[in-house]
Structure formats: structure tokens, C-alpha cells
Amino acid sequence: MKRGVVTLFCAILASAAWGGETPRLVIQKDRAGFVDDAGHILVPPRHARVGRWSEGRIWVQDRAAPGSPGTFLDESAKPVAPARFRDLADIRPELPLPEFRHGVAVVGLADAFGYVDLAGKLLGQTSRIGAFMRQDDPLLLIADQGRHGFI
């Protein structure tokens with residue numbers, strides 16, 4: 001077998017063994033892609049950074065540099081929004097890749113941070129402090145034009 005096929009096959013077996021989500025993550029030449037349960041390629045290995053599954057979504061970035069554009073994929077490995085969001089390396093270098101909690105994820109924006117729902121819709125912008133606070137708080141701190149509030 002060719003190396004790529006072996007890598008793909010090993011990733012499918014490993015994913016099945018530890019009860020991974022579908023679609024299954026595959027790694028080839030330091031790039032990540034996704035296959036379905038039958039091993040059919042849904043997304044060829046092209047992502048440089050991949051988060052973890054949370055509430056049926058997984059964060060992906062095509063470039064490895066912190067702050068590079070990225071988006072979430074759904075359970076069919078389709079993007080929920082264009083790759084216009086950024087990771088959280090500025091505020092959470094130890095856990096920079098966004099994930100969902102209670103249907104909302106914090107993402108980086110060009111000059112701020114924001115909240116995104118499971119459909120990829122931007123719910124509002126927040127400050128650095130609001131993005132950090134979101135991890136355990138059901139309220140979302142909104143910061144807009146120097147004014148603050150909660151949703």
C-alpha cells in the first residue's frame with residue numbers, strides 16, 4: 001500500500017477504536033482531513049490546525065499561524081461559515097482553538113472578539129475580557145462602541 005493509504009487506514013482504525021466522532025479525522029503529511037465511516041474522503045487533508053469536536057462542530061484552519069482565518073465544520077464536514085474568524089491565541093495561548101459551549105463559541109475577529117452560534121452566525125462582539133469570561137458564564141458580555149451589556 002502507498003503511504004497515504006496506510007495513513008488513512010490507520011486513522012480510520014484509531015478513530016473507531018477510541019469512539020471518535022463522525023466524520024473521522026485523518027492526518028497525511030502534517031495536514032488534517034475527514035472521512036466518513038466507510039472511508040470515503042469528505043475533506044482531503046488540507047487543514048494545518050484542527051480543534052476538537054464540541055456540540056457537533058470542529059474548528060479548522062488552513063494555515064498553522066496563530067490568528068490565521070478559520071471556521072467550524074459541521075458533522076458532514078461542511079463549513080458552517082466562511083473562514084473569516086480567528087483563533088483565540090491572543091487571550092488563551094494554552095487553548096487557542098475555539099470550541100462550543102451551550103451553543104455559543106468565542107472567536108477572534110479582525111480587531112475584537114465575537115460570539116458565534118452553531119449556524120456560524122455572529123451574535124455580537126465583545127472585548128478581550130468578555131471573550132475570556134465566556135468560558136464559564138451563561139451570560140455573554142457584549143462590548144460595542146465603548147458600551148457594555150449582556151445577552
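This is a predicted model: local features need pLDDT of at least 70, side-chain atom pairs count only at pLDDT 80 or more; totals for chains, interfaces and linings use all residues.
Student: How many salt bridges does a search of the whole structure find?

Tutor: The search turns up 5 of them. One of these pairs R24 with D37, with the closest N and O atoms 2.9 Å apart.

Student: Where do R24 and D37 lie?

Tutor: R24 is in strand 1 (residues 24-28), while D37 is in the loop between strand 2 (31-35) and strand 3 (41-47), so the pair ties together parts that are 13 residues apart in sequence.

Student: And is R24 buried or exposed?

Tutor: R24 counts as buried, at 12% relative accessibility.

Student: Switching over to D87, which side chain does it meet in a salt bridge?

Tutor: That would be R49, at 2.6 Å from N to O. This pair links distant parts of the chain, 38 residues apart: R49 belongs to strand 4 (residues 49-50), and D87 to the loop between strand 7 (85-86) and strand 8 (100-101).

Student: What's the relative accessible area of D87?

Tutor: It's 5%, so D87 is buried. R49 counts as buried too, at 15% relative accessibility.

Student: OK, new topic: what distance do you get for E99 and R101?

Tutor: Their side chains form a salt bridge at 3.2 Å, N to O. There's also a network here: salt bridges with shared partners join R52, E99 and R101.

Student: Is R101 buried, exposed or partly exposed?

Tutor: R101 is partly exposed, with a relative accessible area of 30%. E99, on the other hand, is at 17% and counts as buried, because the cut-off for buried is under 20%.

Technical notes
Residues are numbered from 1 along each chain as its sequence is written. Side-chain values use heavy atoms; hydrogens and water are left out. A salt bridge is a side-chain nitrogen of Lys or Arg within 4 Å of a carboxyl oxygen of Asp or Glu. Helices (H or I, at least four residues) and strands (E, at least two) are DSSP runs, numbered from the N terminus. Buried means under 20% relative accessible area, exposed over 50%, partly exposed in between (1.4 Å probe, protein chains only).
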